[in-house]
Amino acid sequence: MLKRSVGFVLMLSVGLLFSCKDKKDKDSEENEFNKAEMLTNVSANIILPSLTQFDAEISDLKSSFVNFKNAPTQANLDEVKMNWKASYLTWQTLKIFDFGPIRDIGFKSSTGTYPVDPAKIESNINSGSYNLAAISNLDAIGLNALDYLFYNSNALAELQNNAAYVEYAEKVIQKLYNETQSVVNAWSSYKSTFNESTGTSSTSAFSEFVNEFNRDYELAKTAKIGIPIGKANLGLSNPEYVEARYSGISFDLLIESIKALKATYNGKGLINGKSGLGFSDYLVNLEKTSLDNTINNKFDIILSKAEGFSMTLEEAINDPSMENQLDELYLHLQQQVVNIKTDMTAAFGVLITYQDNDGD
Amino acid sequence: MIKSLKQGFRADFFKQTAIAPLIMFRIIFGAMLLFSSLRFIMKGWVETQYIEPKFFFGFLGFEWVKPLQGNLMYIPFILMAIAALFIMLGFFYRISTFVFFACFTYVELLDKSNYLNHYYFLSLMSFLMMLVPAHRDFSIDAKLFPHIRRKETAAWHINILKFQLAVVYIFAGIAKINSDWLFEAQPLRTWLQAHHNLPYVGGILKAEVTAYFFSWMGCIYDLFIVFFLMSKRTRPFAYLAVIFFHIVTWLLFPIGVFPWVMIFSTTIFFGVKFHQQLLNGLKRLFKWTENIPETIKNIPTPKPFVKYGIILYIAIQILVPLRFVAYPGDLFWNEEGFRFSWRVMLMHKEGHATFYVTDRETGRTIEVNNTDYLTVRQEDQMMTQPDMILQFAKMLQEEFDGKTFSNKEQSITLRNPAVHAEVYVSLNGRKSQLFIDKKHDLTALSYNLKHRDWIEPFEK
């Protein structure tokens with residue numbers, strides 16, 4: 001009896017090995033999805049090009065601000081603003097990848113926190129004593145602090161006449177520059193770790209990538225649109241929560257953010273135009289082609305809705321006739337969450353927890 | 001027939017048998033508890049699971065169990081580690097087992113988002129260990145109080161532990177007899193393909209046939225392993241299977257110490273001779289002097305209340321995992337009668353829940369950001385479990401009651417707001433379906449053991 005059952009198990013195992021071999025050969029012809037290859041593509045064609053570009057744009061921002069300081073003309077300020085806007089748009093791709101070197105130094109929150117607190121910024125400038133690295137100053141630094149410093153109604157006059165104001169802007173830029181440098185350096189050694197970390201534990205790069213992708217999407221939905229239009233405030237709108245409120249580029253940032261998420265989902269580099277394996281290919285490999293289509297279609301609908309506004313987000317919020325259009329945009333943003341956070345993640349077999357734990 | 005059953009029961013449970021297996025189990029079990037308590041503290045989980053959360057999901061009937069303030073939460077864990085060490089050494093054994101059981105169970109009752117079958121198992125085992133005299137040989141207690149020393153003990157002291165392990169395996173096996181597990185190879189298919197990058201075995205793990213093989217073998221293993229462990233002839237092979245099976249699960253799935261708990265606990269099935277030799281070896285190592293009276297004067301007579309207690313315990317252990325039959329609908333979907341039933345690694349559920357707090361007067365609504373109130377782990381657990389969804393809705397009502405929301409133009413204060421939820425859940429790789437419809441005001445529902453007809457029906 002025992003002998004027979006041991007024999008049975010052995011037979012099954014051998015059978016299994018052979019059948020797998022056939023299966024594997026067949027698989028490699030039909031379907032070539034491989035997580036390691038996807039991670040390599042994402043780092044080589046999406047993360048690193050964005051990081052390089054962001055680095056260059058922040059350097060340009062820094063040097064153009066030095067030029068402006070030496071010759072504080074409107075034209076030179078426009079140059080600064082142009083570099084600021086370019087880097088802010090590139091940031092929309094980079095902010096998806098809040099793990100490894102970016103998370104280690106808290107780069108996402110120090111660069112992209114909004115809304116900023118203008119009163120805090122002003123009081124820092126007036127007192128002259130501030131520590132920009134302090135957590136309490138997270139809403140007084142980064143790209144949104146520059147939005148206020150460059151675009152508020154007194155910006156040009158302050159930048160031309162107030163040395164403390166200029167110094168503050170300079171320090172905010174310097175902090176961005178230093179942190180960008182350290183992320184660039186850290187990524188050059190982290191790259192191989194990332195490319196090889198294909199495991200399923202919650203701390204593998206693959207899991208972190210999936211989780212952060214979802215988190216960034218949800219953050220875009222909630223912070224860029226939801227909170228300003230009052231979704232967390234009984235529908236009473238909060239224009240003071242609008243991202244990049246002073247420059248009024250919030251729709252541009254939303255559109256860029258959705259484009260970046262869509263491109264990342266498809267494994268496509270927005271900067272170098274190269275494309276490789278992404279989540280989309282993984283879903284197709286798992287025979288979830290219809291989910292893949294649903295996700296891409298939804299991204300397209302969101303983009304077309306977001307592109308349908310010919311005004312700033314703050315103007316749209318303050319115009320009662322735009323309420324339905326904003327709600328519609330938000331609804332589409334909301335519907336995509338289920339597609340990517342529930343259906344896509346479930347298919348990948350990734351754990352949506354950020355800590356390691358005893359499972360059962 | 002009844003008479004012989006009665007006698008069989010008496011013979012099996014109160015017969016005197018060598019105490020060695022019980023002593024060895026105490027040492028192994030104590031060491032395991034010590035390891036896992038220290039591990040829990042070292043990993044920082046006291047902080048993330050018991051200090052950081054603002055809300056706790058109590059168990060029905062046990063909502064009065066509350067966490068200690070801040071770092072005081074470390075106290076039960078430190079007590080557990082000390083008690084575990086004392087259990088291993090057999091030092092103030094009865095008190096130590098009680099302290100461990102009490103602290104462990106207290107912690108487990110605090111928040112059901114931390115529920116794991118293996119924690120429930122440890123809770124039950126420490127309860128049973130509290131009742132059996134596993135300190136009557138090779139222990140500090142036996143050194144200090146030589147009169148407690150015994151060579152033999154009542155058979156039920158050992159058999160009840162075997163019974164508990166048998167319950168875990170057999171019910172885990174029965175739970176696997178369902179169409180998703182056997183005929184779709186889900187959720188194993190999803191979990192195994194995620195390992196396609198492993199060198200050498202990745203291709204095998206991704207193959208569909210492997211998922212079926214693992215599913216069927218896992219089910220057969222769980223159903224029958226106990227019987228093979230009980231038979232002397234098959235035991236060595238069965239134990240090899242235990243080691244192999246649990247190490248494979250340990251390597252492939254994030255299941256922490258559970259495989260090791262099972263590998264070590266199943267040694268209780270080994271023969272008396274094995275345990276006797278092991279114990280003698282340990283005694284020689286620690287220069288233990290035997291001082292046991294050759295004949296024990298008073299073999300304790302079986303007390304009726306002990307017998308009825310054992311029968312009651314066995315009945316509860318068999319009935320609790322079967323309570324799901326009292327509920328209509330799909331068990332995995334509704335999760336009514338799901339916990340405390342050894343449904344281990346049985347399904348893959350992902351959900352997304354959006355809660356809406358609504359002012360009853362103006363009809364204005366707030367969309368809740370769940371992570372403002374819950375840790376990621378709690379949110380993740382809550383989103384697929386109806387009882388937790390209901391509990392969270394009630395927490396939100398309390399939280400938002402009396403809060404004022406305003407902008408430059410208006411200000412509204414919430415009074416006794418309604419809470420609705422729109423929840424989508426994906427079960428075992430299927431496309432997500434509506435789980436809870438937004439139409440229900442969850443604050444109007446009561447939290448009890450009745451069937452929850454507000455869960456949307458599951459469509460395969």
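Me: Which residue is the bridge partner of B:Lys349 in E7(B)?

Reply: B:Leu427 is the bridge partner of B:Lys349. This is a predicted model, where local features need pLDDT of at least 70, side-chain atom pairs count only at pLDDT 80 or more, and totals for chains, interfaces and linings use all residues. Residues are numbered from 1 along each chain as its sequence is written, while chains are lettered from A and ligands numbered from 1 in the order in which they are written.

Me: In what sense do E3(B) and E7 pair, and over how many bridges?

Reply: Antiparallel, over 10 bridges. E3(B) is residues 349-358, and E7 of chain B is residues 418-427. Strands pair if DSSP finds at least two bridges between them. Helices (H or I, at least four residues) and strands (E, at least two) are DSSP runs, numbered from the N terminus.

Me: How many bridges join E3(B) to E4?

Reply: Three, and E3(B) and E4 (residues 365-367) run antiparallel. B:Val357 stands opposite B:Ile366 in E4(B). E3(B) and E4(B) form a hairpin with six residues between them. In the turn, B:Gly363 has a positive phi of about 75°.

Me: How many of the residues of E3 in chain B are buried?

Reply: Seven of its 10, so the strand is mostly covered by the definition used here: buried means 20 or more other C-beta atoms within 10 Å of a residue's own, exposed means 12 or fewer, partly exposed is in between, and C-beta atoms are placed from the backbone.

Me: Where is B:Asn369 found?

Reply: In the loop between E4 and helix H18 (376-382) of chain B.

Me: Why is B:Asn369 classed as partly exposed?

Reply: Because B:Asn369 has 18 other C-beta atoms within 10 Å.

Me: What is B:Asn369 in contact with, leaving aside neighbours within four places in sequence?

Reply: A:Thr222 and A:Ala232. Contact means C-beta atoms, placed from the backbone, within 7 Å.

Me: How many residues does each chain give to the contact?

Reply: Chain B gives 51 residues and chain A gives 45. The chain B side has 20 nonpolar, 23 polar and eight charged residues. Ala, Val, Leu, Ile, Met, Phe, Trp, Tyr, Cys and Pro count as nonpolar, Asp, Glu, Lys and Arg as charged, and the others, Gly among them, as polar.

Me: Switching to chain A. How many helices and strands?

Reply: Chain A has 15 helices and zero strands. Of its 360 residues, 47% count as buried. Among contacts between residues at least 6 apart in sequence, 73% join residues at least 24 apart.

Me: Back to chain B. Which domains does the assignment give?

Reply: Domain 1 (9-324) and domain 2 (348-444). The bounds come from an automatic or database domain assignment. Their C-alpha centres lie 38 Å apart. In chain B, 14 residues of domain 1 are in contact with 13 residues of domain 2. That side of domain 1 divides into five nonpolar, four polar and five charged residues.

Me: What do the buried residues of H5(B) pack against?

Reply: Helices H2 (20-42), H3 (45-51), H4 (74-89), H6 (117-131) and H7 (140-144) of chain B. The buried residues of H5(B) include B:Tyr93, B:Phe100, B:Phe104 and B:Leu110.

How values were computed. Contact = placed C-beta atoms within 7 Å.
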